[in-house]
Amino acid sequence: MPVSRVDRFADRHIGPQPDDIEAMVAAVGAMSLDALIDEVVPSDIRLDTPLDVPGPETEAEFLARMRRVGQRNRPGRALIGLGYYGCITPSVILRNVFENPGWYTPYTPYQAEVAQGRLEALLNFQTTVVDLTGMAIANASLLDEATAAAEAMAMMHRLQARTAHGANRLLVARGCFPQTIAVVTGRAAPLGIEIEVGDLAAMTVDDRVFGVLLQYPAEDGAVIPIGELIDRAHAGGALVAVCSDLLALTLLTPPGELGADVVVGNSQRFGVPMGYGGPHAAFFATREAFIRQTPGRIIGVSIDRHGHPAYRMSLQTREQHIRRERATSNICTAQALLANMAGFYAVYHGADGLRGIARRVHGLTRRLAEGLHALGVQPAHAHVFDTLRLRLSPAVVDRLRKDATAAGLHFRYVDDAAVGIALDETTTGADVAEILSVFAGAMDRPVPTVDTAAPEATPDWPDALIRRSPFLTHPVFDRHRSETQMMRYLKRLERQDIGLDTSMIPLGSCTMKLTAASQIRPVTWPEFADLHPFASVALAEGYQELFRELEASLCAITGLSAVSLQPNSGAQGEFAGLMVIRAHQRDHGEGRRDVVLIPASAHGTNPASAAMAGTRVVIVACDDQGNVDVGDLRAKAETHRDALCALMVTYPSTHGVFEDAIHEICDVVHLHGGQVYMDGANMNAQVGVTSAASIGADVCHINLHKTFAIPHGGGGPGMGPIAVAAHLAPYLPGHPIVRVGGARAIPAIAAAPWGSASILLISHGYMRMLGGDGMRLATEVAMLSANYLKARLESHYDVLYTRANGRVAHELIFDLRAFKPLGITEIDVAKRLMDYGFHAPTVSFPVPGTMMVEPTESEPLDELDRFCEALIAIRGEIQAVIDGTADPADNVLKNAPHTAAEATADTWSHPYSRQQAVYPRPFVRANKFWPAVGRINDAHGDRHLICSCPPVEAYQD
C-alpha cells in the first residue's frame with residue numbers, strides 16, 4: 001500500500017529533509033543526489049534494479065502487524081533450563097535502562113570521560129561476578145556462555161603452551177551443556193585441540209591434557225563437590241575452567257574457593273529476558289595472574305588530571321588493532337547493555353535479595369521433587385539447585401509431552417525416556433501444583449498434595465557444597481532498595497554519558513544511526529521476550545516467520561543465496577564465514593588451503609578471526625591512496641596459489657572509499673583458487689546501491705548493529721549474520737539441540753540457534769518500515785552527509801583518502817599528523833570536542849594520528865553544521881597554539897575536557913577564560929553536556945589495576 005507523506009517512516013529516520021538534501025547537494029558541488037552517487041560508487045558495481053524486499057510500512061502498521069505475528073509465539077512457562085531461565089526484570093530497570101535510549105544508544109566507552117555512568121555500571125557487573133565466583137578479576141561480559149567457555153579453552157591452551165609443550169587435549173565433562181560442548185568443539189578443531197567428552201572421574205589427566213572443563217551445577221541438575229576433581233587436574237598439570245550459574249552461587253561454594261582457574265557462565269537470569277536466545281551477558285572470571293590473557297574488555301579505575309578517581313577500559317581496549325593475528329581473542333562487541341542490566345539487578349536486590357530468590361527457587365524445586373517422589377518418580381540426583389532429571393517409560397513421556405504442552409508447560413525432553421525440569425524466579429507454588437497434576441495425569445495416578453506456602457529453603461547439601469563466604473559487600477549493593485533510590489541512581493549514571501539522545505556520535509566505522517523507538521518496542525513484549533531458545537519450533541511460529549523474511553531480505557540486499565542468523569557479533573560472523581569456506585574447501589579436497597590475505601588497512605578483528613580459524617595471515621600492502629595494492633595482491637596470491645584460502649576485504653574500504661579495482665581484486669583471488677570474504681562493516685554505503693555479490697564476494701557478514709539499526713548498547717549487543725553464495729550454503733552453522741544450518745553444517749558458532757534472536761526484530765522493523773526505496777535513500781543520504789562534511793571541513797583539515805575524483809563514501813579520515821610536532825594530537829582534539837558537547841570520532845584508526853568521521857543518514861543538517869562549527873572552532877584553537885597566542889602546555893586543548901567542578905571553582909589558574917573553556921560557541925549553552933571527570937590518566941590505570949568496585953574512601957576528598 002502507498003504510504004502518505006505524513007506517515008512515511010523514511011522521513012522520520014533520515015535526518016536531512018528534502019530541502020536540506022537539496023542544499024547539501026549544492027554544497028558538495030553535485031548536480032543532483034543521483035549524480036553524486038554516480039561519482040561516489042564505481043559504475044561497474046552499481047545495481048540497476050530496485051531491492052526486492054517487503055515494505056514500506058508506517059510505524060503504526062508495523063506495530064500492529066508485530067502484535068499479530070507475536071501471537072503466533074507460545075512462550076508458556078519455559079522449564080527447559082540449560083542456561084536460560086525465566087526471570088523478573090524489575091520495572092525500574094526495564095523502563096530506565098532496557099527501554100531507554102540514554103542507555104541503549106551510546107557506543108563502547110573508548111572515550112571514558114563521557115562514559116563514566118556506563119563504566120561504573122560495568123564495574124558493578126564485574127564486582128558481582130568476582131564476588132559470586134570467588135575469583136580475583138572478571139571482564140565486562142562476553143557474547144554467551146558457550147563462547148565464554150571456548151575463550152576459556154583458548155586462554156588455558158595459550159597459558160599452558162609456555163610450559164606444557166605438546167599438550168593439546170581438553171577434557172570436557174559430560175555434564176556440560178550440549179551447546180557449550182558444540183561451540184567448544186567447533187572452536188577447538190582449527191587450533192589443533194582435541195576434545196574428549198566423558199565422565200571426568202574416569203578420565204586420565206596426563207601430559208597431553210592442558211585443561212579441564214566442568215559444569216557446576218551440571219546440565220542434569222546434579223550438584224557435586226568439584227574440589228577433588230580440580231585438585232586432581234592441577235596435580236596432573238592441567239588448568240580448570242568451570243561453567244556455573246550466578247544465582248546458584250549465592251548458595252553454592254564458589255568455584256574460586258575450590259581452586260578453579262577460570263569461571264564462566266550466563267548472567268541472563270539476573271533480570272534479562274530469554275528473548276528466544278538473547279542477547280545476554282556472559283561472564284568470564286579468572287586469576288589475577290591471567291589478567292593480560294583475558295579476552296574481552298576489562299573496566300578499571302584510574303585518576304583524572306585533577307587526581308580524582310575515574311573509570312576507564314583497561315588493557316584490552318584496542319587489542320585487536322595492536323596485536324592483530326596475535327590477539328588473545330577476536331572479541332570486539334560484547335554485551336554491555338545486558339551486563340549493565342544484570343549488574344543493576346544485583347544492585348537492586350543486594351546479597352540478601354539474591355539469596356532469598358535462590359532459596360525460593362531451590363525450595364520449590366525440593367517441593368516438586370517431594371511431589372514426584374509421591375508419584376513414584378525418583379529424581380536422578382539427591383542434591384540439586386533448580387533442575388531435576390527424571391527417568392520415565394517412553395509411553396509416559398509421550399503422554400506427558402502432549403499434556404504438558406497443552407497446559408503451556410515446556411519441559412526438556414532429553415530422549416524418549418528422560419525429562420528435565422528447571423525452575424526459576426518466575427515459578428510459583430501454583431506452577432508446581434500444575435506440574436504435579438500433569439505428571440499424575442500422564443501416569444494415571446492421584447495428584448499428590450505438596451505444601452508450597454513457605455517455599456524458601458536452605459539447601460541440605462553436604463557441607464562442602466554450602467557457601468559460607470559473604471558477597472556483594474560493597475555499599476553500592478546496599479544503598480538502592482527503594483525504587484526511588486534506584487531510579488535516581490540510574491539517572492545519575494545516565495547523565496554522565498553521551499548517547500544519541502544527547503548529540504551526534506560521529507564514530508567512523510561504527511555507523512551510529514538512529515534506532516527508532518518503534519523498532520525496539522516489540523523486543524520487550526512477552527510474546528517475544530519470554531520464549532526459550534530451545535522450545536519446540538512449533539511454539540515459535542511468529543519468530544520463524546520473521547526469520548524467513550529477514551533471511552530473504554538479507555539475500556536480496558547482498559545478492560547472495562543463503563543466510564545464517566546465528567553469529568551474535570560481527571567478529572563471530574567473520575569466524576563463521578571463514579569456517580564455512582574452510583569446510584567447503586575440505587569437502588572438495590582442498591583442505592591444505594590455509595592462507596588468508598588481509599589488506600593492511602583491515603579492522604583488527606579480521607586477522608584475529610583468521611588466526612582463530614586456523615589460517616596463516618598474509619598482509620597485503622596498500623598504495624599511497626589507501627587502496628589495496630593490486631600488484632602486491634597479485635604477487636602474494638601467486639606465491640600462495642596452492643594454499644590460498646581466502647581474501648578478507650572491507651568494502652567500501654576501511655579508509656572510506658569505494659575502490660575502483662574491486663572486481664580485479666576479487667578476480668585475482670578466484671583465479672588462484674581462493675574465496676572472497678567481504679567484511680560488511682561498511683554496508684551502510686551499499687544497501688540498494690551495490691552489493692556483496694556485485695563486487696564478486698562469496699560470503700559476507702552483516703553488522704545488524706550498524707547498518708540495520710540495532711543499537712550499540714554502550715558496547716553490545718550486536719549481531720553478525722553471514723550471507724553466502726550457493727556453493728557455501730550447505731556449510732552454514734548447525735546446532736546440537738535445534739535443527740538449523742546446511743546439510744553439511746559446521747558446528748555451532750553461538751549458544752543459541754539464531755543468536756541474539758530478540759534484537760533481530762529491530763532490523764526487521766528497519767527493513768519493513770523503510771522498504772527497498774527507503775533503504776536505498778538512507779544509503780545515499782549517508783554518503784551525501786559524509787561528502788557534505790568533507791566540503792565544509794577540507795579547508796581546515798586535510799582529508800587523507802578519497803576516490804580519484806575527490807569523493808568519499810559514507811565516512812572520511814581527517815589527517816591531524818601535521819600538528820603533532822607542534823604538540824597537538826588527535827587525542828587533544830577528541831577530548832576538546834567533549835567541551836562542545838560531542839563524542840569524539842574514531843581516533844588513530846585505521847591510521848595513527850587521524851580521526852575517522854561517519855555521520856550516518858540519521859543526523860539532521862543542523863547537527864551536522866554544529867559539528868562542523870565545533871571542528872572549525874577547534875582548528876582556530878590549534879592555530880592559536882601554532883601562532884604562540886595560546887600557551888603550548890596550558891591551553892583549552894591540552895586541558896580538555898573541562899568539568900563543572902573546575903569551571904565553578906573559587907580559583908582559575910589558566911591563561912584562557914572559563915567561558916572559552918566550557919562555552920566556546922553560543923550553541924553549546926543551549927545543550928551543555930558536562931563531562932563527569934577531567935582527562936583520564938591511562939598509564940596510572942594500567943600501573944595500578946583495580947577491576948572491581950573500589951572502597952568508598954577512594955572517592956573522598
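Some ground rules come before the details. Residues are numbered from 1 along each chain as its sequence is written, and side-chain values use heavy atoms, with hydrogens and water left out. Since this is a predicted model, local features need pLDDT of at least 70 and side-chain atom pairs count only at pLDDT 80 or more, while totals for chains, interfaces and linings use all residues.

**Rings**

Let's start with the aromatics. Rings of Phe, Tyr and Trp (its six-membered ring) pair if their centres lie within 6.5 Å; planes under 30 degrees apart count as stacked, over 60 as edge-to-face and the rest as tilted. By this rule the model has 20 aromatic pairs. One of them is Tyr276 with Trp754, which is stacked, at 5.5 Å centre to centre and with 20° between the planes. Tyr276 sits in the loop between strand S7 (262-266) and strand S8 (282-286), and Trp754 in the loop between strand S21 (722-724) and helix H24 (760-793), so this pair ties together parts that are 478 residues apart in sequence. The helices (H or I, at least four residues) and strands (E, at least two) named here are DSSP runs, numbered from the N terminus.

Are those two residues buried or exposed? Both Tyr276 and Trp754 are buried, where buried means under 20% relative accessible area, exposed over 50% and partly exposed in between (1.4 Å probe, protein chains only). Tyr276 has a relative accessible area of 0%. Ring pairs also link Tyr276 and Trp754 with Phe528, Tyr543 and Phe547 into a cluster.

Now for Tyr919 and Trp930. Their ring centres are 6.1 Å apart and their planes are at 75°, so the pair is edge-to-face. Tyr919 lies in the loop between helix H28 (914-918) and helix H29 (922-926), and Trp930 in the loop between H29 and helix H30 (938-943), so this pair joins parts that are 11 residues apart in sequence. Tyr919 is partly exposed at 23% relative accessible area, and Trp930 is partly exposed too, at 28%.

Elsewhere, Arg269 lies over the face of Tyr85, at 3.9 Å from the ring centre. For the record, a charge sits over a ring if NZ of Lys or CZ of Arg is within 6 Å of the ring centre and within 35 degrees of the ring normal.

**A three-stranded sheet**

What is the order of the strands in the open sheet? The three strands run S11-S14-S13, with antiparallel pairing. The edge strands are strand S11 (387-391) and S13, and each pairs on one side only. Neighbouring strands here are turned by 25° against each other on average, direction ignored. Two strands pair if DSSP finds at least two bridges between them, and the pairings look like this:

| Strands | Bridges and sense |
|---|---|
| S11 and S14 | five bridges, antiparallel |
| S13 (residues 412-415) and S14 (residues 418-422) | three bridges, antiparallel |

S13 and S14 form a hairpin with two residues between them, and Arg412 stands opposite Gly420 in S14.

**Two helices**

Two packed helices are described by the angle between their axes and the distance between the axes. Helix H4 (residues 59-70) and H24 pack at about 135°, with their axes 10 Å apart. Axes are lines fitted to C-alpha atoms, for helices over the stretch in contact, and angles run from 0 to 180 degrees between N-to-C directions. H4 and H24 are therefore oblique to each other; angles under 35 degrees count as roughly parallel, over 145 as roughly antiparallel, 65 to 115 as roughly perpendicular and the rest as oblique. Their crossing is right-handed, meaning that the near helix is turned clockwise from the far one by less than a right angle, with anticlockwise being left-handed.

Most residues other than glycine have a negative phi, and most peptide bonds are trans. Tyr276 is back again here, with a positive phi near 60°. Asp444 has a positive phi too, near 55°; Asp444 lies in the loop between helix H14 (429-443) and helix H15 (483-494) and is exposed, with a relative accessible area of 63%.

As for cis peptide bonds, one joins Gly278 and Pro279, with omega about 10°. Pro279 is in the loop between S7 and S8, and Tyr276 lies in the loop between S7 and S8 as well. Another runs from Gly716 to Pro717, with omega near 20°, and Pro717 is placed in the loop between strand S20 (699-701) and S21.
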